[in-house]
Amino acid sequence: MSAQPDHAPVTPYAPAPGAPAELLAQLRADKRAATWVPAFEREWTAALEESRRTFSLASLYEILQDWQGRLNSAPAVDAFVASGYDDSDFIDMAELRGRRR
């Protein structure tokens, strides 16, 4: 009988070692760098502190995934804004919740 598990464990998302530096370089090259770079650095610093406390890299990986998603979706957001689409009929759920009280 073997002490090995019957199944292979699921490998969590693990970015390449240089992924944070590469992402930061991409953020610095973006037109939103003035706001995005400081925000990324704040979140990254907080995630580093958490990983030191918990001995887990999960929060660092999550920050990378979130910011990669923002960077990848930015062109679609820009296109939407540039299209002039009228979203004035948007319902603000927070505002509706406030009216009920």
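Analyst: A helix here is a DSSP run of H or I with at least four residues, and helices are numbered from the N terminus. The model is predicted. Phe40 and Trp44 both lie in helix α2, four residues apart, which is about one turn of the helix.

User: How many helices and strands does the protein chain have?

Analyst: The protein chain has four helices and zero strands. The pattern along the sequence is therefore written α-α-α-α.

User: What makes Phe40 and Trp44 an aromatic pair, and is the pair stacked or edge-to-face?

Analyst: The ring centres of Phe40 and Trp44 are 5.8 Å apart, with 20° between the planes. Rings pair if their centres lie within 6.5 Å, and planes under 30 degrees apart count as stacked.

User: Which residues form one aromatic cluster?

Analyst: Trp36, Phe40, Trp44 and Trp67 form one aromatic cluster.

User: Are Phe40 and Trp44 buried or exposed, and how do you know?

Analyst: Buried means under 20% relative accessible area. Phe40 is at 3% and therefore counts as buried. Trp44 is at 17%, which is also under the limit, so Trp44 counts as buried. Trp36 and Trp67 are buried as well.

User: What sits over the ring of Trp36, and what sits over the ring of Trp67?

Analyst: The charged end of Arg32 sits over the ring of Trp36, 5.0 Å from its centre. For Trp67 it is the charged end of Arg70, 4.3 Å from the ring centre. The distance part of the rule is within 6 Å, so both values pass that part.

User: What makes Arg32 and Asp30 a salt bridge?

Analyst: A side-chain nitrogen of Lys or Arg must be within 4 Å of a carboxyl oxygen of Asp or Glu. The N to O distance for Arg32 and Asp30 is 2.8 Å, so the two side chains meet in a salt bridge. Arg32 and Asp30 are both buried.

User: How do you know that Lys31 and Asp78 meet in a salt bridge, and where do the two residues lie?

Analyst: The N to O distance for Lys31 and Asp78 is 3.5 Å, which is within 4 Å, so the pair counts. Lys31 is in the loop between α1 and α2 and Asp78 is in helix α3, so this pair links distant parts of the chain, 47 residues apart. Lys31 is exposed at 67% relative accessibility, while Asp78 is partly exposed at 27%. Salt bridges that share partners join Asp30, Lys31, Arg32 and Asp78 into one network.

User: What does the salt bridge between Glu41 and Arg28 tie together?

Analyst: The closest N and O atoms of Glu41 and Arg28 are 3.4 Å apart. Glu41 lies in helix α2 and Arg28 in helix α1 (residues 19-29), so the pair ties together parts that are 13 residues apart in sequence. The structure holds six salt bridges, this one included.

User: What is noted about phi of Phe55?

Analyst: Phi of Phe55 is near 60°, a positive value in a residue other than glycine. Most residues other than glycine have a negative phi. Phe55 is found in the loop between α2 and α3. The relative accessible area of Phe55 is 77%, so Phe55 is exposed.

User: Which residues form a nonpolar patch on the surface?

Analyst: The patch consists of Val77, Phe80, Val81 and Tyr85, with about 430 Å² of accessible area together. Phe80, one of them, is found in helix α3. Patch residues need over 30% relative accessible area. Phe80 is at 41%, so it passes that limit and counts as partly exposed.

How values were computed:
Residues are numbered from 1 along each chain as its sequence is written. This is a predicted model: local features need pLDDT of at least 70, side-chain atom pairs count only at pLDDT 80 or more; totals for chains, interfaces and linings use all residues. Side-chain values use heavy atoms; hydrogens and water are left out. Buried means under 20% relative accessible area, exposed over 50%, partly exposed in between (1.4 Å probe, protein chains only). Rings of Phe, Tyr and Trp (its six-membered ring) pair if their centres lie within 6.5 Å; planes under 30 degrees apart count as stacked, over 60 as edge-to-face and the rest as tilted. A charge sits over a ring if NZ of Lys or CZ of Arg is within 6 Å of the ring centre and within 35 degrees of the ring normal. Patches are made of residues with over 30% relative accessible area and no salt bridge: like charges are joined within 9 Å, nonpolar side chains (Val, Leu, Ile, Met, Phe, Trp, Tyr) within 5 Å. Accessible areas come from the Shrake-Rupley method with a 1.4 Å probe; for residues, only the protein chains shown count as cover.
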